[in-house]
Amino acid sequence: MPPTLSTAPSPLDRLKSWVKTITFYELLVGMKATMTHLLRYRPITLQYPHEKRTLPDSYRGMLALLRYDDGTEKCVGCDLCEAACPSRVIRVVSAEVPGEPTKRYSKEYYMDMTRCLFCGLCVDACPVDALGMTREFEWAVYDKRDLQLNKQQLLAIGDRSFPVREKRLELQHRNVAFFNVAFKDLPQKPS
Ligand code: SF4
Ligand code: SF4
């Protein structure tokens, strides 16, 4: 007959198990971890809204429409942000600039921020950097209709969040418009 393997615990294992049972060993191990965290780490609770976290540089907050430094709206009503948005947040009604048939602007611009994912695709899609993501996050409201923003509201958010504005494209170095250089890397126009 082939030899059979014994699975019964040895007397020493049984003794260890018994000692662990009567000394509440597992409970003590858990309490050790709890006490270590209690004594070693400081509390991280912040007393919001009196204390606020430092937001990371890459934070994506409320969206805003931007202007050039002379106050002109950057948006040219191209609808690319509307097409890029996966949540159908944006609705653009574009029109010709009065007296300038080759130029367009957004006559109306709406965002339903109850649907926004803060993915940033609309910002990336905009060819003239007319959209920005601010660091505003305190947008809790009692009525969700308050989160359906129009153009004037979005421009106001941009005005307070981006006080430093860039010059109009025609007043910048020609490479800016051609290569779509980011605002922070703008080369100076030769005088
Ligand atoms: S951040 Fe994303 S979800 Fe929100 S409006 Fe832009 S593209 Fe749409
Ligand atoms: S915000 Fe930018 S992408 Fe959207 S309509 Fe205006 S110019 Fe076009």
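The protein chain in this predicted model has six helices and five strands, where helices (H or I, at least four residues) and strands (E, at least two) are DSSP runs, numbered from the N terminus. Read from the N terminus on, the elements follow the order α-α-β-α-β-β-α-β-β-α-α. Before I go on, residues are numbered from 1 along each chain as its sequence is written, while chains are lettered from A and ligands numbered from 1 in the order in which they are written. Because the model is predicted, local features need pLDDT of at least 70 and side-chain atom pairs count only at pLDDT 80 or more, whereas totals for chains, interfaces and linings use all residues, and side-chain values use heavy atoms, with hydrogens and water left out.

For the chain as a whole, 24% of the 191 residues count as buried, and by buried I mean under 20% relative accessible area, with exposed over 50% and partly exposed in between (1.4 Å probe, protein chains only). The protein chain exposes about 14600 Å², of which carbon and sulfur atoms supply 58%; accessible areas come from the Shrake-Rupley method with a 1.4 Å probe, and for residues only the protein chains shown count as cover. If we take contacts between residues at least 6 apart in sequence, 63% of them join residues at least 24 apart, a contact being heavy atoms within 4.5 Å.

Let me turn to the cysteines. Which residues does the UniProt annotation "binding site" cover? The unreviewed entry lists Cys85, Cys116, Cys119 and Cys122 under that annotation; UniProt positions are given in the numbering used here, feature names are shortened, and annotations may be inferred rather than shown by experiment. These four span 38 residues in sequence, yet no two of their C-alpha atoms are more than 10.5 Å apart, so they gather at one spot.

Cys116 sits in the loop between strand E3 (100–112) and helix H4 (121–125), and with a relative accessibility of 16% Cys116 counts as buried. Setting aside residues up to four places away in sequence, Cys116 touches Leu63 and Val89. Cys122, for its part, belongs to helix H4 and is buried at 8% relative accessibility; beyond its neighbours within four places in sequence, Cys122 is in contact with Leu63, Cys81, Ile90 and Leu131.

The annotated cysteines bring us to the ligands. Ligand 1 is surrounded by Leu63, Cys85, Pro86, Val89, Ile90, Cys116, Leu117, Phe118, Cys119, Gly120, Leu121 and Cys122, where a residue is near a molecule or strand if one of its heavy atoms lies within 4 Å of it. By class, the shell around ligand 1 has eleven nonpolar, one polar and no charged residues; here Ala, Val, Leu, Ile, Met, Phe, Trp, Tyr, Cys and Pro count as nonpolar, Asp, Glu, Lys and Arg as charged, and the others, Gly among them, as polar. Around ligand 2 there are 13 residues, of which Cys75, Cys78, Asp79, Cys81 and Cys126 come nearest, and that shell has eleven nonpolar, one polar and one charged residues.

Ser87 lies in the loop between helix H3 (80–84) and strand E2 (90–97). Ser87 is buried, at 14% relative accessible area, and touches Arg115 and Leu117 when residues up to four places away in sequence are not counted.

How many aromatic pairs does a search of the whole structure find? There is one, formed by Tyr59 and Phe137 in an edge-to-face arrangement, with 6.3 Å centre to centre and 75 degrees between the planes. Rings of Phe, Tyr and Trp (its six-membered ring) pair if their centres lie within 6.5 Å, and planes under 30 degrees apart count as stacked, over 60 as edge-to-face and the rest as tilted. The pair links distant parts of the chain, 78 residues apart, with Tyr59 in the loop between helix H2 (25–40) and strand E1 (63–65) and Phe137 in the loop between strand E4 (131–133) and strand E5 (148–149). Tyr59 is partly exposed at 27%, and Phe137 is partly exposed at 38% relative accessibility.

Finally, some backbone details. A cis peptide bond, with omega about 10 degrees, joins Tyr48 and Pro49, and Pro49 is in the loop between H2 and E1. Phe24, although not a glycine, has a positive phi of about 50 degrees; Phe24 lies in the loop between helix H1 (11–22) and H2 and counts as exposed at 55% relative accessibility.
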